[in-house]
Each structure stands twice: as structure tokens, then as C-alpha cells.
Amino acid sequence: MAEQQRPDALLAGAILLGALTWIGTELLTGNALEDALITYRYAQNLAGGEGYVFHAGNAVQGTTTPLMTMLLAVVAFLFGDGAVFWGSDLINVSFGVMAAWCSAQVLLHVGVNRWIAAFAAFAVFAEPNFLLFGTGGMETPVAVGWMALSLWATVTGRLHLAAAASALLVLTRIDGIAWAGLIALENARRHGWRVLLAAALGAAILAPWLIWATLHWGTPIPHSAIAKDAIQPAVLDYDLLSPGAFAKWARWGLPPSAASWARLPMGWILFGFGAWWAVKNRSALWVPAAFAVVFPALFYLRHGPRFGWYLMPPAWAGVVVGFLGLWAGLEMLKAERRRPVGVLVGAVMLLSFVGLGVRKVSIIQTLQENEVGLRQAVGEWLNEVSPADATIAMEAIGYQGYYADRAVIDIAGLVSPEVVAIAREDGASHAIFNRIVVDLHPYAVVLRAHEVEENRHFHGGPLFATDEERADFDSRYARARRFTAPHESKNGVIDVYIRRDALPLSANP
């Protein structure tokens, strides 16, 4: 009986240690990622009766996570607007626990050693990138939780649970449809036509949202996704066949980072062993192996933005397959060599987790201090000096838009359909910016310092195509305030330009 309880105790200890790692990281750093604040604002407005809007009158689905938005709206309704910050952390730790438990159970189900399975559960929390993106308040850990649950349900024959978890994943992140499709393929292989009954359950879960979103906005597809598709291909101009461009994407999402803890070459080897074992044994773990490669590749082919938080789902899939590969590789050795080799490899991995994890916490703290000291400061200042009915054009609408609490003209178009319409007409980044300034006439424009000084648009290409465009901007706007991040960073200087006919007395260039 005691022997039967040992694996559970080992796994529980690993998960508890991992969860405490996330909680400690959040308490030390106060980490809140830029895009999390977009969801917070939607949730607060929904809870306050303003509707599903970023700001009053902005009936646009500018967040890709309806489920997380609604969960946080409940938190805000019950405990007040400020509760969304700790509420998102509580939700994410809970789903992190679910992801860790399910990941370990999947590995145990296919025969993986209990120590390796427990290490995998700990890795769901402690992989250095997960420390940043798991504690940043975004919906990504919730998505990973549903992915892990659907995989566990699949390997244990719980067809309808797999379908339900997949549907909830799509409600959490629309791009979860890629994972849901792979899970459906595996369940069709296992269960044949019965997968259609499970698909009906998934459709029933999705239907209320899809119907309401279609009636309310005319489409269930988030406008933020539409904006990225319409604007990003125009402004992220790179050659798909360029070795340099491909190398950047490989470092971002393919197996070097998706499967290699601490980006060690060991990760390539372990991921390869795991993928080979899954295919050879017709295991459902081919799903995470495929997803770890296919998902980043789709973003690459679509010219999608390389935001780090997109990394966590394929990285989680790579971690699971990598630990499978560790076990499969050890199984190929003679019995007397497995323990010493396993201990050696495990020690190297653990040291890489701890060493890079400590460094990552320091990086997170620096990033957060910059967010507060720069973008939050910009938003708070705009809130003080601008009239309540002002419109402000900016590209980073998270911190700046949240704390400014003003109507936003989103240069990236995520919450601004008028910007997407301009992009479809003019395409080039400088043309989009010029039309925003001339046609939409915002009270203020927030830009990174290099965009004007170096004539270099953040999305690529020039900010002004001609000297005449620059002169026209200067005739309309004056720099009212410059903000500098507490710590040196690539985009650590921000300038706020205000219409010359509306400059506040407190302007301080």
C-alpha cells in the first residue's frame, strides 16, 4: 500500500514545488505582461456593465480569449476591478497544476519512469520561459491546461472529455483550433465514427459563444485576429526563404526552444527520441510532437508576429515529448547503465532549470520595472493631462491604454476597425500612420523615440515616406513629453506628441 502511494506523493511534491515557483516569481516581480492588461480592461468593462469593450463605445472583439475574459469578469464583479490582477494569477496557477498533473499522467500511462514523469510535471512550471509567460497574467497557461487535459483524456480513452477540453481550448485561444484538430485526428484513429458524437459535444460547448459573437459583431472571429492578418503581412516584410528570417523563427519556436530546456543541444536529441518513440509505437504523443513543430511553422508561413507568449503551448508540447525521449533513450541502454546515465542527464537538466530560472526571475523583475516606469507612466500622465473625451493613437495599448483610460486608436488595429480599413486600402506602414494622423486626428500620438528620430516605423519601413509627410506631422503635433525606462532596453524611450491646438499647460518636452 505504501509503495502504491509513493508515485502520487512524488508527483504531488513536484507539482507543489512547481506551483510555489510560479507564486514566488509573481510575488517577487509583480509580473504582468502587456497584452494581459488588454484582457483586464475588457473584463472590467464587462463586469461594470459597459459591455464587451476595451473602452466605452468600442464594440470590437479585440481580445482572442473570450473564456479568460469572462472568468476575469466574474472575478471583477465579485471582488472589484483591481482583483483581476491577482485573479489571473490564481487562475493560471490552477491551470498550471492541471497541466502538470495531466502531463505526468500521460507519461505514466505510456510507461515512463515515475521520477521522469514527476520531473516533467515540475518542468511545466520551471522551464525558464514558462516562469515569464506562466506568471504574466495572460491566458496561455489556461490554454496549456486544456491541451494537457485533452491529451490525457485521449490516451485514457475519455473521448467526450477530450472533445470538451478541446472546445474550451478554442474558447481560450482561437489558435487552439490547431491542437484541437490534431486531437480529433487521433481520436478518430482510435474510435472511428464515435468521434462525431464527441465533436457534437464540442460544438454544443462552442455554439452559445459562436452564435452570440456572430449576432453581436457579425463574426465569431476576433477582430484582433482579423487585424493581425490584415496588417501584419503588410508591415512584417521578410522573405520566407531567407535563411536569416528562418533562423529567427527556428530560435523562436521550432524544436531548439520548443524542446530544449535551457536551449541545450540535449533538447534536440531528447525531442527527437520522443517523437521517434511516439510514431514507432503509434502513441497519442505524436500529437504534441507534431504540434511543437507545426504550430510555429504556421506562424512563420503566415508572417505572424513573434511574440514570446505564443511560445508556451508548443514549448509545453516539446517538453512533454522531450521527457518521453529521455525515458526512451534510457530504455535503449543496458539496465546497469540506465540509473547512472539518467542521474547525470537529470542533474544537468535540473541545474539548467535552476540556474537559468534564477536568471529569468531577475530578467522578469527588470522587465516589469520598465513596464511600470515607462508604459504605465505614459498612461497615467495621459490620464492626468488629456480631456476625458480624448482619443489617443498608440501601438502598445496594454499598459498605456489601460492606465490612460481614454478612447484608443490602435495603430496595430487590434481594437480599431478603422485602422484595419486603412491598412487594406494603403498597406504600407507609413501610409497607415499618415492616414491615422490626417483622417482620424487623434488628440495625442504615442511613439517610440526611434520612430521619429530615425524615421523607422516599429512595424517595419519608414514612418514618413517623404519630407513632406514629416513636415505635415510636425505642423500638426508637438512633442509634449518624453519618458525613459528605468533600465536600458531596446524600446526604452517613448515620446508623446499632442496636437498643437490642444497642448496642455503641463506639457514638458
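This is a predicted model: local features need pLDDT of at least 70, side-chain atom pairs count only at pLDDT 80 or more; totals for chains, interfaces and linings use all residues.
Q: Arg448 and Glu395: buried or exposed?
A: Residues are numbered from 1 along each chain as its sequence is written, and side-chain values use heavy atoms, leaving out hydrogens and water. On relative accessible area, buried means under 20%, exposed over 50%, and partly exposed in between (1.4 Å probe, protein chains only). Arg448 and Glu395 are both buried.

Q: How many residues apart in sequence are the parts that Arg448 and Glu395 tie together?
A: The two side chains form a salt bridge, N to O 2.6 Å; the criterion is a side-chain nitrogen of Lys or Arg within 4 Å of a carboxyl oxygen of Asp or Glu. Helices (H or I, at least four residues) and strands (E, at least two) are DSSP runs, numbered from the N terminus. Arg448 sits in strand β3 (residues 444-448) and Glu395 in the loop between β1 (391-394) and α18 (399-404), so the pair ties together parts whose sequence separation is 53 residues.

Q: Which helix places Arg190 and Glu186 about one helical turn apart?
A: These residues form a salt bridge, with the closest N and O atoms 2.6 Å apart. Arg190 is partly exposed at 34% relative accessible area, whereas Glu186 is buried at 0%. The separation is about one helical turn because they lie four residues apart in helix α9.

Q: Which residues does Ser88 contact beyond four places in sequence?
A: Ser88 lies in helix α4. Its relative accessible area is 0%, so Ser88 is buried. Contact means heavy atoms within 4.5 Å. Leaving aside neighbours within four places, the partners are Tyr40, Met68, Leu72 and Gly137.

Q: Which helix supplies the largest share of the nonpolar patch?
A: Val74, Phe77, Leu78, Phe79, Trp86 and Leu90 make a nonpolar surface patch of about 710 Å². Patch residues have over 30% relative accessible area and no salt bridge; nonpolar side chains (Val, Leu, Ile, Met, Phe, Trp, Tyr) are joined within 5 Å, like charges within 9 Å. Leu90, in α4, is exposed at 53%. The largest share, four residues, comes from α3.

How values were computed
Accessible areas come from the Shrake-Rupley method with a 1.4 Å probe; for residues, only the protein chains shown count as cover.
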